[in-house]
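Trainee: I would like to learn how to read contacts, salt bridges and helix packing in a model. Where do we begin?

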Amino acid sequence: MKVDVNKNLRLNHESVKLADKKQILKNDLQAKDLKRVGNRNFSIKDLLDSLFKDLISNQKSKDMVLKILKKENILENIKDTTLDLKLILNNLKNSKLLTKSTISLEKVLLDIDKLNAKSLQKQIKKSGIFLESRLLDSSSNPKEVILDDVKATLLLLKEKLDQNGDLVSKDTLVKIDRVLTNINYYQLVSFSMGANMSYLPLLWEELDEGQINIKRLKQKRYFCEINLKLKSIGKVDLLIMLFDDISINLSIFVQNDNFLKKIRENLGLLKQGISSVGLIPSNIYLYNYLKEKKIKKEIIDYASSESQGVGISLHV
């Protein structure tokens with residue numbers, strides 16, 4: 001999926017409305033100044049808006065922006081998007097404000113049991129980080145984009161709720177602002193890294209946190225890294241190499257020895273499952289997560305050295 005990230009950010013820049021707040025983030029901000037940012041009354045939203053402004057106006061380099069984002073550890077503060085979306089929908093239903101917009105928003109929450117390649121691709125497209133570029137795309141129907149996009153839906157809901165003064169509306173607005181801040185964060189990181197990064201609101205009670213990274217490699221191959229932290233099992237990492245459009249090599253790193261044993265005992269079922277979706281499991285390797293870190297690093301380093309073009313990173 002090709003996305004013009006520069007075009008995606010252009011309208012976002014035009015919407016930035018921020019007083020410089022004593023020029024906390026100026027062009028001469030260096031690494032030694034980063035600590036001071038957290039000590040001032042400067043919200044995450046303000047910080048992101050300021051970085052958008054400075055980056056697009058060339059007052060800050062992409063490396064400096066990424067350094068500030070890493071230092072502020074913003075992702076740790078905004079990663080509960082799934083919970084916020086669920087609470088927003090619950091508030092709206094209880095206050096009898098269920099509209100087409102909220103119905104559209106409800107479809108954003110993906111159930112792990114219904115997740116497949118088609119639903120994943122659709123979710124990435126309407127995740128909010130591509131809103132501006134989709135609206136600028138001459139082939140897109142603006143009305144369809146607005147009704148289908150997470151960011152557009154949230155902005156419309158925010159406009160409607162701003163007119164109400166009840167407590168439910170105020171609480172919902174706080175949560176909407178948090179999700180919008182999350183989306184803005186991923187737009188900023190995507191632009192700074194030259195990659196596509198987004199959040200996947202996945203309904204899976206067993207999941208504590210997770211990340212999916214997809215890269216295109218040389219010789220028409222693809223690499224996918226899936227990092228999961230599960231409540232009852234611990235860490236599970238999957239490294240998948242797709243080649244010849246149909247064959248895969250799969251390396252599984254598991255923290256829990258009992259779970260690793262179960263995978264080994266049911267390896268035949270795993271191969272059948274992979275084959276059932278039209279892929280050939282050429283090789284499947286099982287490793288202990290803690291004991292085989294070197295092997296994992298070698299695979300990831302190889303994929304990085306072979307990487308081509310824009311990748312996709314999804315946080316779940």
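Mentor: Begin with one residue and its neighbours. Leaving aside residues within four places in sequence, I295 is in contact (heavy atoms within 4.5 Å) with F253 and Y287. This is a predicted model, where local features need pLDDT of at least 70 and side-chain atom pairs count only at pLDDT 80 or more, while totals for chains, interfaces and linings use all residues. Residues are numbered from 1 along each chain as its sequence is written, and side-chain values use heavy atoms, with hydrogens and water left out.

Trainee: In which helix is I295 found?

Mentor: I295 is in helix α15. Helices (H or I, at least four residues) and strands (E, at least two) are DSSP runs, numbered from the N terminus. The chain has 15 helices and 9 strands.

Trainee: Now salt bridges. How many are there?

Mentor: Side chains of opposite charge can pair when their charged atoms come close. The rule here asks for a side-chain nitrogen of Lys or Arg within 4 Å of a carboxyl oxygen of Asp or Glu. The count by that rule is 12 salt bridges.

Trainee: Where do K45 and D49 lie?

Mentor: Both are in helix α3 (residues 44–56), 4 residues apart, which is about one turn of the helix. K45 is partly exposed at 40% relative accessible area, whereas D49 is buried at 10%.

Trainee: Which parts of the chain does the pair K296 and D237 link?

Mentor: These side chains meet in a salt bridge at 2.3 Å, N to O. The pair links distant parts of the chain, 59 residues apart: K296 is in helix α15 (residues 293–306) and D237 in strand β6 (residues 234–243). Both K296 and D237 are buried.

Salt bridges that share partners also form a network, which joins R134, D148 and D149. Within it, D148 and R134 meet at 3.6 Å, N to O. D148 is partly exposed at 24%, while R134 is buried at 11%.

Trainee: Last, helix packing. At what angle do α11 and α12 cross?

Mentor: Axes are lines fitted to C-alpha atoms, for helices over the stretch in contact, and angles run from 0 to 180 degrees between N-to-C directions. The axes of α11 (residues 150–161) and α12 (residues 167–193) come within 10 Å and cross at roughly 150°. The two helices are therefore roughly antiparallel (an angle over 145 degrees).

Trainee: Which residues make the contact?

Mentor: Among them are L154, L157 and L161 of α11 and L173, I176 and I183 of α12. By class, the contact has 10 nonpolar, 4 polar and 3 charged residues. Ala, Val, Leu, Ile, Met, Phe, Trp, Tyr, Cys and Pro count as nonpolar, Asp, Glu, Lys and Arg as charged, and the others, Gly among them, as polar.

Definitions and conventions: Buried means under 20% relative accessible area, exposed over 50%, partly exposed in between (1.4 Å probe, protein chains only). Angles under 35 degrees count as roughly parallel, over 145 as roughly antiparallel, 65 to 115 as roughly perpendicular and the rest as oblique.
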